[in-house]
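Welcome, and thanks for taking a look at this one.

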Amino acid sequence: MLNYTILPGGTLQGEFTVPGDKSISHRSIIFGAIAEGTTTVAGFLEGMDCLATMQAFRDMGVKITQPVNGNLTIKGVGLQGLQAPKKILDLGNSGTSIRLLAGLLAGQTFSSILTGDASLQKRPMSRIVKPLRQMGAVIEMHNENFPPLYIHGQENLQGIYYPMPMASAQVKSGLLLAGLYASGKTTIIEPAPSRDHTERLLAHFGVAIECKGNSITLEKPKKLSSTHLTIPADISSAAFFIVGATIATGANIILKNIGINPTRTGIIKILQMMGAHIELVNQRLSGKEPIADILVKHSKLSGISIPPELVPLAIDEFPIIFIAAACAEGITTLGGAEELRVKESDRIQVMADGLNAIGITAQVTRDGIAITGGRLKGGHVHSHGDHRIAMSFAMAGLAAQAEITIQDCENIATSFPNFLELAQQAGLKIEASTVL
Ligand code: S3P
């Protein structure tokens with residue numbers, strides 16, 4: 001088991017960047033694979049989740065070069081060119097991989113089985129499988145909600161009009177992928193905006209996709225056309241350093257080339273409401289995605305009531321936002337965030353337990369949490385194998401009065417393989433140890 005120890009007294013300084021965006025990296029492989037021609041990708045995240053997506057496509061006969069410093073090429077096989085996998089597709093820890101692939105594979109001429117690790121096997125799949133069944137998909141699930149998914153490919157999917165019950169980019173994207181193989185129109189209605197990388201990328205690959213207000217419509221295209229993609233650095237990974245620099249005395253950092261897609265910047269809005277000093281400079285476009293350099297300085301934070309409409313726009317950043325709340329003066333409250341309970345871990349309960357372990361009062365509610373800012377003591381925290389919980393408590397070490405140890409940190413490699421090195425270089429006093 002990989003554990004981290006963080007000593008007090010660190011700070012964050014300097015100019016650096018973080019690895020490529022996880023959501024866009026997954027999608028670059030998926031769309032590149034079913035496009036016609038060769039797609040080149042720069043800035044690909046070589047984390048375990050995206051490598052699981054890559055392996056799944058190799059298992060379906062797609063030639064993808066081994067990534068070198070985030071550069072790779074994909075020999076697209078076209079919409080009808082995927083081959084039946086000879087084995088079960090193991091998607092590891094990755095909810096994005098399994099939900100997007102469920103949609104893509106529902107409309108193939110072959111059958112497939114999708115599974116993942118112990119955490120993924122506990123994550124709900126009926127949210128994607130039920131609407132896929134409405135499209136004509138034939139999919140069995142363990143206990144009608146969990147992986148493994150047994151997908152019996154169907155060549156006669158039909159488009160649907162589907163108002164989604166929850167804001168979920170994974171469900172939206174899975175349905176749009178099925179829509180690429182369905183007759184008639186596929187229209188998805190979102191209850192609130194969620195990340196729109198699928199929509200932007202489909203347009204980039206030449207698919208006619210119509211986004212109007214909260215509705216997204218596409219029809220089966222003739223083809224996807226190969227392209228070049230430069231993937232921005234992941235704001236969800238930058239978030240750890242943004243909060244770290246905000247809470248560390250004397251900190252001052254510049255994070256380069258970070259994706260600032262408006263469906264992902266809830267973290268910036270929330271921290272600015274709390275009083276953080278964050279500036280976005282050098283704003284520009286990288287392909288169809290906006291990027292910027294982000295300047296962050298140490299600042300004093302105040303507790304707030306987090307606006308519920310920002311929840312889907314900061315969905316992956318709540319573990320680190322809770323660390324900011326622990327360092328703020330006053331109480332921070334969050335509601336309408338029940339989705340956090342079905343991420344890589346139950347992020348409401350696991351964060352509350354970890355905060356309590358380091359001397360912070362955190363009370364859980366059904367769909368959120370109330371955190372009373374205070375002095376962070378040291379202590380021992382269990383990450384429950386959740387990468388974002390582990391990295392969040394690592395950054396908490398910047399404001400703690402004593403040593404914090406974090407148990408079960410291996411899965412940081414799913415989204416941020418060089419986190420330890422980068423954090424050390426920037427000034428966090430963090431060490432790894434392996435315990436049998
Ligand atoms: C993702 C969507 C989000 C997010 C996940 C990545 C994506 O999940 O939590 O890390 O790439 O589409 P939901 O859409 O299920 O909220």
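The crossing of helices α4 and α5 is right-handed. Please keep in mind that this is a predicted model.

**The α4 and α5 pair**

- Helix α4 covers residues 126-134 and helix α5 covers residues 169-179; their axes come within 9 Å and cross at roughly 30 degrees.
- Angles under 35 degrees count as roughly parallel, and α4 and α5 are therefore roughly parallel to each other.
- On the α4 side, the contact is made by R127, I128, P131 and L132; α5 contributes V171, G174, L175 and A178.
- Sorted by class, the residues in this contact are six nonpolar, one polar and one charged.
- An α-helix has 3.6 residues a turn, so residues three or four places apart point the same way.

**Surroundings of α4**

- Which residues of α4 are buried? They are S126, R127, I128, V129, P131 and L132.
- These buried residues pack against α3 (95-106), β8 (138-142), β9 (146-152), β10 (161-163) and α5.
- After α4 comes G136, which has a positive phi near 105 degrees.

**Strands pairing with β5**

- Strand β5 (residues 72-77) pairs with strand β3 (residues 36-42) in the antiparallel sense, over six bridges.
- Within that pairing, T40 stands opposite T73 of β5.
- Strand β4 (residues 63-64) also pairs with β5 in the antiparallel sense, here over two bridges.

**The four-stranded open sheet**

- Four strands make up an open sheet with mixed pairing, in the order β21-β22-β1-β23.
- At the edges stand β21 (379-382) and β23 (430-434); each has a single partner strand, so one side of each is left without a neighbour in the sheet.
- From one strand to the next, the twist averages 20 degrees.
- Strand β1 (residues 2-6) runs antiparallel to β23, and five bridges join the two.
- Y4 stands opposite A432 in β23.

Conventions: Residues are numbered from 1 along each chain as its sequence is written. This is a predicted model: local features need pLDDT of at least 70, side-chain atom pairs count only at pLDDT 80 or more; totals for chains, interfaces and linings use all residues. Side-chain values use heavy atoms; hydrogens and water are left out. Axes are lines fitted to C-alpha atoms, for helices over the stretch in contact, and angles run from 0 to 180 degrees between N-to-C directions. Angles under 35 degrees count as roughly parallel, over 145 as roughly antiparallel, 65 to 115 as roughly perpendicular and the rest as oblique. A crossing is left-handed if the near helix is turned anticlockwise from the far one by less than a right angle, and right-handed if clockwise. Contact means heavy atoms within 4.5 Å. Ala, Val, Leu, Ile, Met, Phe, Trp, Tyr, Cys and Pro count as nonpolar, Asp, Glu, Lys and Arg as charged, and the others, Gly among them, as polar. Two strands pair if DSSP finds at least two bridges between them. Buried means under 20% relative accessible area, exposed over 50%, partly exposed in between (1.4 Å probe, protein chains only).
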